[in-house]
Amino acid sequence: MRIGLVILVVLCAVCSGCTSQSPTAETGTSVQGTQSATTVAATGTVAAASPSLKVGSVTSSTSVFGTNYQWMEYQMTTSAEGTEMITTTKTERSMGDYKGTPAVHLKVTMTSSGGVNSIYDVYYDTAMKNVLGGTMTVAVNGQTITQDVPASQLQNQQGADFNGEFALTYDGTEAVTVPAGTYPVANKYTATVNNAGVTYWSVPGIPVPVKWTSGSSEGSSTAELVGWG
């Protein structure tokens, strides 16, 4: 699988703090977290309520998705070059530094059905606008390889970075069932990010997509939410 598609799959989000609680949801059942108003003000934003949009209307991604979480987990199916791989991907966020510069550390752990385990350590500036750099560690057949990934390559692979600001086109509602729960009315949005078509399904009150798909000449991927907190 090409490194570009792997990074596209991995860069699932920019995240902030929240506390995991028991499953609740206004429009379905899910494994998710809740956040106090004080904590949200200090560490992130809450996903906005569903906008009153007509099909075909355009809105900003930042008005749909929030940042009040510190971890999320997806089950992902990726197809590339005639090969399909199922991967569990967990993203965790913490504060740290990158070569002496204060940074947000995004750790993405991928466990695949093919026996390939990968960890991406990606460092953003504190405003979460620019990637400072990162590393990729891959364990295959008992061997572990770690290599640097240039900031430019990480910055350009943002198809799954749904907290970056870009235009979303509203495409109505659909029922969605994922490991995190069943949502009879999920809002559907489409976008084009770095020449890849991306579709997101969101539910008010959940700061991350409950599902998203992407596709390009390099392959396609589908991510279904398992949980967040």
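The model I am reading is a predicted one.

Threonine 169 sits in strand 10, which covers residues 167-178. I then listed its contacts, leaving out residues up to four places away in sequence: Gly56, Ser57, Val58, Lys188, Tyr189 and Thr190. I also checked threonine 169 against serine 60: they are 109 residues apart along the chain, yet 8.7 Å separates their C-alpha atoms.

I noted an open sheet of twelve strands, paired antiparallel, in the order 3-10-11-12-13-14-4-5-6-7-8-9. Strand 3 (58-60) and strand 9 (143-149) are the edges; each has a single partner strand, so one side of each has no neighbour in the sheet. On average, neighbouring strands of this sheet are turned by 25° against each other, direction ignored. I reminded myself that strands of a sheet pair through backbone hydrogen bonds.

I picked one pair to follow. Strand 13 (residues 211-216) runs antiparallel to strand 14 (residues 219-228), with six bridges between them. Serine 214 has serine 221, in strand 14, as its bridge partner.

Last, I turned to serine 112. Apart from neighbours within four places in sequence, serine 112 contacts Met85, Ile86, Thr87 and Asn117.

Note on methods:
Residues numbered from 1 in each chain as written. Predicted model: local features only at pLDDT ≥ 70, side-chain atom pairs only at ≥ 80, totals over all residues. Heavy atoms only, no water. Contact = heavy atoms within 4.5 Å. Pairing = 2+ DSSP bridges. Helix = DSSP H or I, 4+ residues; strand = E, 2+ residues; numbered from the N terminus. Axes fitted to C-alpha atoms, helices over the stretch in contact; angles between N-to-C directions.
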